[in-house]
Amino acid sequence: MTKRPQQIVAKSTSTHAGLDVDSLTNSLVRRLIFTVGKDFLTATERDWFYSTAYATRDRLIERWMDTMRSYYIGDAKRVYYLSMEFLMGRTLMNILNNLSIEPECSQALAELGIDLAKIREVEHDAALGNGGLGRLAACFLDSMATLDLPGYGYGIRYEYGMFSQHIEEGWQVEHPDNWLRYGNPWEFPRPEVLYQVKFYGRVVQFSDEKGVLRHHWVDTEDVMAMAYDTPIPGYATETVNNMRLWAAKASRDFELKYFNEGNYIKAVEDKNESENLSKVLYPNDSTAMGRELRLKQQYFFVCASLQDILYRFCKFHDGFDELPDKVAIQLNDTHPAIAVAELMRTLVDIHHLEWGKAWDITTRTFSYTNHTLMSEALETWPVVLFERLLPRHLQIIYEINHHFLKDVMHRFPGDTDLLRRMSIIDERDPRSIRMAHLAIVGSHKVNGVAQIHTELMKQAFFVDFDRHFPGKIVNMTNGITPRRWLNQANPLLSSLITSRIGSGWIKDLGQLKQLAPLAEDAQFRAEFAAAKRANKKRIAAILKQRFEVDVDLDSLFDVQIKRIHEYKRQLLNVLHVVTLYNRICSNPRADAVARTVIFGGKAAPGYAMAKLIVKLINDVAAIVNNDIRVQGRLKVVFVPNYGVSLAEDIIPAADLSEQISTAGTEASGTGNMKLALNGALTIGTLDGANVEIRNEVGDENIFIFGLTAEEVGKLRAGGYRPMEYYQANDELRQVLDMIGSGYFSPEDPNRFKPIVDNLLVHGDHFLLLADYGSYIARQTDVERVFRDPQQWLRRAILNVANMGQFSSDRTIMQYAEQIWRTKPMPR
């Protein structure tokens, strides 16, 4: 029976933070009345979501404060994870699961007549990230808390996250992602935690009373960084860590003089310009103004974070000698690499440390994760921009480079070309700063994120640095948190697993090995298949409701969900779709394996080719899905606005995971891990973590195709001629002719000609045509195995059983032991 709220409010408040059903019910109603300001009769689902969020948050606060206090008392070595992105997704279910109170909360709400499944859908994704890099950062925060490591996340509280992707007439259209429209119940504003961040100005040099040259950065334009804190609970532990995000605030309020004169626009102009810094995640950097704003964002959050870190350190330590023993700062890609110069500025200019000592402290404090070997993604900044925006930092980078190249010259005398390659400054016109080089030089450890990625770093892209700094470049293969990506996202499968091997796997994913013998257990296979079918039924209902697409639950759910980019080769997948379409149309009575191909992902707003590929996917879908000859045996769906919550819907339903990037381009990938952990078989190249997944699951349980990274290099070096592949393969030629001639765009026959020209005329940089034949052949193997459901199930179960290596807990413990040199602090 539904309880009356008056009965609950009248109870004692002594149980308001308990974890039992009665305490939760009491908290839910009190929060509804006294925080949300609604009564039981007028409350909406959104009101109940906020009441639930606040009641859940209450159960973290004391643990959070106790955790922070214990780090001070224990003088712990803290880890600070600096990242421009934190793709957190929704928080409610994650916290309920980590506190192990989801059933109790669900029952408490049910007693009030509220369905938890409905109110969870009210929460907006916190999409403060672009893809894998931001989601990795979120997984790492979860693992640090779960492992009781003193870890903090630092980033930017973007007012607008990754854009909301709409599909209009097949085209991607970007809309603002106003994720804060209704507020954020998980964060705590800290208006008293405010730091000054400087830009522009000039540098004054002078000699102090001891004759030492000093530098003052003056006449600057200032912005204030204000902190917002979010508690990050671990699973089955008392530890609750902190994520601190910075919002830009004007250094002064609007000019009252202008306001009184009636010039309202001028009155708030400076204030608005200052606060634009944290408005949008990744402004379009195709313009000079966009590039400048992006660099300002990077320095803004780095400067505020370092001030905060040093303030915390200096509360209990004199001087900075112990800084590397008490502070580990991880640079998540090159975005925060300016931190190297900023810490040097702080130590030398403000605290007057001698350069050599400051440099020793700096390099022992920082470590750097490289996430890409794509030349266009290895960040560089024009020297002229740095000179104007951060003049003192440019001087410091010059000084760092001078000392570094001097050291290189002493070790390798006479090799001027080596100096040119390794220099932090690229002297080619226009001169630029290589941020990856700054991060490598300024860190004591540099890591890749998969074995093949790290080997390519050492053998090719950063071979000079590996020779100069032997042992500095190490591998830390990425991982994913099993709490969100199996326990939360796939409750049916996780319950089945727990029923057979217990719940220990949630915190020790290696325990999944115990499932391997169950691949031969007919009953387990049947229950595994039932869970998969239920998940497919759920996503099918979503596709029907949102996109009016009917899909066959018995079809092969073929999934490629990731950022749209040419190197990730969504286009190769489309070529296969059209090949299947042609085969069906040429022989409608053939016994074809039914297949549902699901795409999801966003193209960068300024990336014209990626957006054209999105349009091609949708135009192909429009033809294929409505051709009566196909008879439902092939369906194509592009799911708009792909993000964390959609991933949690799609991944448990996937049968086949498309990981088909050109070998040597994907640093690691984590979508491959999530899909395999949920029982999807992988079709992929030997790229990124696919190599290690193959090693774990076995050759027979993965569909590998295509050129290796070494073969890619040889083919390019020998002169790749894509036209030869086009002429030699009838199916490929038919597919490209259809796309290029307007078969899928009859109203605009030349629409996709740039795609075909890119492949045939402009060199097919990512070697789609070279890998097409191998890919199509392996897809045929996929269908052969899928025709044997029991064989497919065995392979799927063995994929799940062998994914223990890919827990982010394992990754984080490796960081803690090999790079950060910090230890868990359980309470």
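Helices (H or I, at least four residues) and strands (E, at least two) are DSSP runs, numbered from the N terminus. This report uses those labels to walk through a predicted model.

**Ground rules**

The model is predicted, so local features need pLDDT of at least 70 and side-chain atom pairs count only at pLDDT 80 or more, while totals for chains, interfaces and linings use all residues. Residues are numbered from 1 along each chain as its sequence is written, and side-chain values use heavy atoms, with hydrogens and water left out.

**Confidence**

pLDDT is the predictor's confidence in each residue, from 0 to 100. The protein chain has a mean pLDDT of 94. Of its residues, 96% reach 70 or more. Residues 4–16 have a pLDDT below 50. Beyond near neighbours in sequence, that stretch has 24 contacts in the model. Contact means heavy atoms within 4.5 Å. Where pLDDT is low, the predicted coordinates should not be read in detail.

**Helix H7**

H7 covers residues 132–146. The expected span of a helix is 1.5 Å times one less than its number of residues. For the 15 residues of H7 that gives 21 Å, and the end C-alpha atoms are 21 Å apart, which agrees.

Is H7 enclosed or open? Of its 15 residues, 14 are buried, so the rest of the structure largely encloses the helix. Buried means under 20% relative accessible area, exposed over 50%, and partly exposed in between (1.4 Å probe, protein chains only).

Ala138 sits in H7. It is buried, with a relative accessible area of 4%. Leaving aside neighbours within four places in sequence, Ala138 is in contact with Phe86, Leu87 and Met88. Ile584 is 446 residues from Ala138 along the chain, and their C-alpha atoms are separated by 43 Å. Just after H7, Asp148 takes a positive phi of about 60°.

**Two packed helix pairs**

Two packed helices are described by the angle between their axes and the distance between the axes. Axes are lines fitted to C-alpha atoms, for helices over the stretch in contact, and angles run from 0 to 180 degrees between N-to-C directions.

| Helix pair | Angle | Axis distance |
|---|---|---|
| H23 (570–586) and H30 (730–741) | about 105° | 10 Å |
| H32 (768–786) and H33 (789–801) | about 110° | 6 Å |

Angles under 35 degrees count as roughly parallel, over 145 as roughly antiparallel, 65 to 115 as roughly perpendicular and the rest as oblique. H23 and H30 pack at about 105°. That makes H23 roughly perpendicular to H30. On the H23 side, the contact includes Leu575, Val578 and Tyr581. On the H30 side, Leu732, Val735 and Met738 are among the residues involved. The residues of this contact divide into eight nonpolar, three polar and two charged. Ala, Val, Leu, Ile, Met, Phe, Trp, Tyr, Cys and Pro count as nonpolar, Asp, Glu, Lys and Arg as charged, and the others, Gly among them, as polar.

The second pair packs at about 110°. That makes H32 roughly perpendicular to H33. H32 contributes Val782, Val785 and Phe786, and H33 contributes Pro789, Gln791, Trp792 and Arg795. Here the division is five nonpolar, one polar and one charged.

H33 has 13 residues and reaches 18 Å from its first C-alpha to its last, close to the 18 Å expected. Its buried residues include Trp792, Leu793 and Arg795.

Leu580 is found in H23. At 10% relative accessibility, Leu580 counts as buried. It touches Arg595, Leu634 and Glu783, not counting residues up to four places away in sequence. Leu580 and Ile776 are 196 residues apart in sequence, but 9.4 Å apart in space, C-alpha to C-alpha.

Phe547 lies in helix H22 (residues 522–547). It is partly exposed, with a relative accessible area of 25%.

**Backbone details**

Where does Pro430 lie? It is in the loop between strand E15 (425–426) and strand E16 (432–434). The peptide bond from Asp429 to Pro430 is cis, with omega near -5°.

His352 is not a glycine, yet it has a positive phi of about 60°. It lies in the loop between helix H12 (339–350) and helix H13 (355–365). At 44% relative accessibility, His352 counts as partly exposed.

Arg821 also has a positive phi, near 55°. It is found in the segment after helix H34 (808–820). At 59% relative accessibility, Arg821 counts as exposed.
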